[in-house]
Amino acid sequence: VALCKGFFFCGQEPFVADEYIERLAWRTPGGGSRGGEAFDPKRLLEEFVNHIQELQVMDERIQRKVEKLEQQCQKEAKEFAKKVQELQKSNQVAFQHFQELDEHISYVATKVCHLGDQLEGVNTPRQRAVEAQKLMKYFNEFLDGELKSDVFTNSEKIKEAADIIQKLHLIAQELPFDSLMGFCCYPLFSPGKYHDLECQLIQEFTSAQRRGEISRMREVAAVLLHFKGYSHCVDVYIKQCQEGAFLRNDVFEDAAILCQRVNKQVGEIFSNPETVLAKLIQNIFEVKLQSYVKDQLEEHRKSDAEQYLKNLYDLYTRTTNLSSKLMEFNLGTDKQTFLSKLIKAIFISYLENYIEVEIGYLKSRSAMILQRYYDSKNHQKRSIGTGGIQDLKERLRQRTNLPLGPSIDTHGETFLSQEVVVNLLQETKQAFERCHRLSDPSDLPKNAFRIFSMLVEFLCTEHIDYALETGLAGIPSSDSKNANLYFLDVVHQANTIFHLFDKQFNDHLMPLISSSPKLSECLQKKKDIIEQMEVKLDMGIDTLNCMIGQMKHILAAEQKKTDFKPEDENNVLIQYTNACVKVCGYVRKQVEKIRNSMDGKNVDTVLMELGVRFHRLIYEHLQQYSYSCMGGMLAICDVAEYRKCAKDFKIALVLQLFDTLHALCNLLVVAPDNLKQVCSGEQLANLDKNILHSFVQLRVDYRSARLARHFS
C-alpha cells in the first residue's frame, strides 16, 4: 500500500488505499467482488503478490530517475554560480571605468568653467567699452545738433532711442552744472527733452491700448518703467480701461466684470501687475463707487429715514460683496486691510451716526404702527396701571382689595393684534440685520441692545402690557350676571405673541450679543418682562371669581328645593338635576378655554385654583338643602356628574376633593344602623366629626330618635 501511495502521489488524483484494493480485487477473477463468482483466496493473494512486485520495480525505476535529475540540478547550480561570479567581476571593472570617466569629466568641466570666467572677464569690459563708444557717438550727434543715427530717425525704434536718452540723461545729471561739460550738456538733456520723449512713449502706449495690441503695450511699458512718467502710463491705462465699462445701472456688477477682465490682461502688460490692479480698484472705489453711494444716500438722508436705511444697508452689502470677489485677485500682501480701508473711506460719514438714525426710525415707525391699530379700533389709549414689579406684587398680595382702577368695557376687544406684532417684529428683525452689517464690531452688542430695548418698549410694554392692564380693568365683578370673560382671550393672545418675541430674541439678538457683557443685561431685561407679565396674569386670577359667580347664578336660577325632596318619592325620572347639567357644561367650557389660553405650569396652577373653588361652591351649595331618601340619591348622582367634570381638570387634588364629597353624600341615604360604619370608612375616617355631622343633619329624618342615637 505504501508503494501504491508513493506511485499514485506522483499523479494528479489523491490516492485512496481502500478504493485501490477494491478495484484490484474486482479486476481479479475469483476476487469475490463480482456477483456470482466463487471466491478464490489463493488466486487473489497471487495477484496481490505480483502486483506488489510490479510496484516495487516501478518504484526503483522512478527512484533512479529522481537521482539522475538531482545530479543534473546540482551540476547546473554550480555552473550558474560560476557565471554569477564572472558577472560580478565584470561589473566591478565597469564601475571602476565609470569612476575614472566621471573624474575626467569633472576635470574637463572645471577647466571649461575657468575658461568661461576668463572669457567673461575679457568680454564684459569689451562690451562696456562698445556701449560707451556708442553713447559717445550719440553724445557727439547731440552736440553737433544733427541726429543722423537710424535709432533716432526711425519711429519704430523708439524703444532703443528711449534707452539711449535715459542713459545720457543719467550721465548729464551726474555732471556738475558749474563744469564746462555739465554746462554744455544741460541744454541737450534738460527736463524738456526728457519729458518730450516720455510723452511720445505714453502716446504710443495709448494708441496701442486703443488698438488692442498687448505686445506693443508690454514693450512700451517696459521702456517707461525706467522713466519718471511710468506712473502716468499706469494712470492712462486705468482711465482707458474704464471707458465704456459703466454703462449699465448696476455699477457694482460693472466694476466686478471690469476687474475680472483687467486681471487677465494686466499680467501680460506690466511687470508689477498687482500694483496696477490695486490702483485700478482704488480708483473705482474712490471715484465711481463713492459718487454713486453719495447720490443714492444724500437723496433720502433727511427726508426718508426708511429708504435711507434700506439704501445704506443695500449699498454697504453690495460693496462688501464686491470686496469679497476682489479678494480672489493678487493685490499685494495685505489685500484685506487695503479693501477694508477703501470701504471705510466711502461709508465712514454714514456709519458714524447710523445707530441714531436706526433708533429714531424704529421708534417713530413702531409708534405709528401702534397708533394706526388703535385708531382702527376707535380706541384712545389711557393710563391704567402704573408702577414696577414690586408694586404689582403688592397689588397681588392684597388681591381682596385689588385696585384695578375704573372698570372698562372692552366690548370683547383684546387690544392685541397679530398683524401689529408681525409688523413690529419684522421692523426689528430688519433693524437687527442692518445693525449686524453696519455696526463696528466693538459697538455691535451695544447697538443691538438699544434695538432690543425699542422692541421691549413698544411690543411688550406699549402693546402686550397695555392689553393685559386693559383686560384686568375689564374683569367684571363676581356678582355680575352673564359676564364675558375676555381676559382669558387676552392671556391666550399674549402667550402666543410672547412666544414670537422669544423666538426673535433667540434667533436674531442672541448671535449679536452672545460673547459680550450685554448678554446678561438682555437676559435680565427679558426676565423682568416675563416676571411682570406673570404677576399680571396672577392678578387676573380674579377671573376665576367671575367664573364661580356665574356658577352661583346658574345654581340659584336652576336648583329647586323640591329637587332633593320630591313630593312623590316613587316617581323620580331624572338621573341628575338641570342645575348640575348646566354647571358642568359651563365648567367644561371654561377648562377648555384655560387650556387654550395658557401653557406650561400656569395651566395646572390656574386649574387647581378653579377646581378648589368649584369644589367649595358645590360643597356650600349642597349644605343649603335637606334631603329625602330619593333626594339624597339624586344628590349623589349630581356629585358623581360633578366628579366626572373634575376629571377634565387632570389635577389629582381636585379629583380627591370630589371623591370625598361623593363619599359624604352617601351619608344622606345610608341606613341609620350603618352610619358609624360608613363614617369610619377609608375616605371619611380622617374628616372632622363636625363635617360628618353637618351632612347627616341635612337628612329629613335626622330628627328621628333612632338616627340621632346611632350618630351620637
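The legends below describe close-up views of one predicted model. Residues are numbered from 1 along each chain as its sequence is written, and side-chain values use heavy atoms, without hydrogens or water. Because the model is predicted, local features need pLDDT of at least 70 and side-chain atom pairs count only at pLDDT 80 or more, while totals for chains, interfaces and linings use all residues.

View 1. The largest pocket holds about 700 Å³ of space; a pocket is an open set of points, on a 1 Å grid over the protein atoms alone, where a 1.4 Å probe fits, with protein on both sides within 12 Å along at least five of seven lines. The volume is the space filled by probe spheres set on the points, which are joined across faces, edges and corners. Its lining comprises 29 residues, and Tyr316, Leu351, Leu438, Ser439 and Asp440 lie nearest the centre; lining residues have an atom within 4 Å of a point. Two or more lining residues come from each of α12 (305-326), α13 (335-351), α14 (354-376), α16 (418-438) and α17 (444-473), with the largest share, eight residues, given by α13. Helices are DSSP runs of H or I with at least four residues, numbered from the N terminus.

**View 2. Helix α12 and its packing.** The 22 residues of α12 reach 31 Å from the first C-alpha to the last, close to the 32 Å expected at 1.5 Å a residue, where the expected span is 1.5 Å times one less than the number of residues. Among the buried residues of α12 are Tyr308, Leu312, Tyr316 and Leu326, buried meaning under 20% relative accessible area, exposed over 50% and partly exposed in between, with a 1.4 Å probe and protein chains only. The buried residues of α12 pack against α10 (251-269), α11 (273-298), α13, α14 and α16.

**View 3. Gly332 in the loop between α12 and α13.** Gly332 lies in the loop between these two helices and is partly exposed, with a relative accessible area of 32%. The C-alpha atoms of Gly332 and Thr275 are separated by 7.1 Å, although the two residues are 57 residues apart along the chain.

**View 4. Thr577 in the loop between α20 and α21.** Thr577, in the loop between α20 (542-558) and α21 (578-597), is buried, with a relative accessible area of 1%. Leaving aside neighbours within four places in sequence, Thr577 is in contact (heavy atoms within 4.5 Å) with Gln559, Asp563, Phe564, Leu634 and Asp638.
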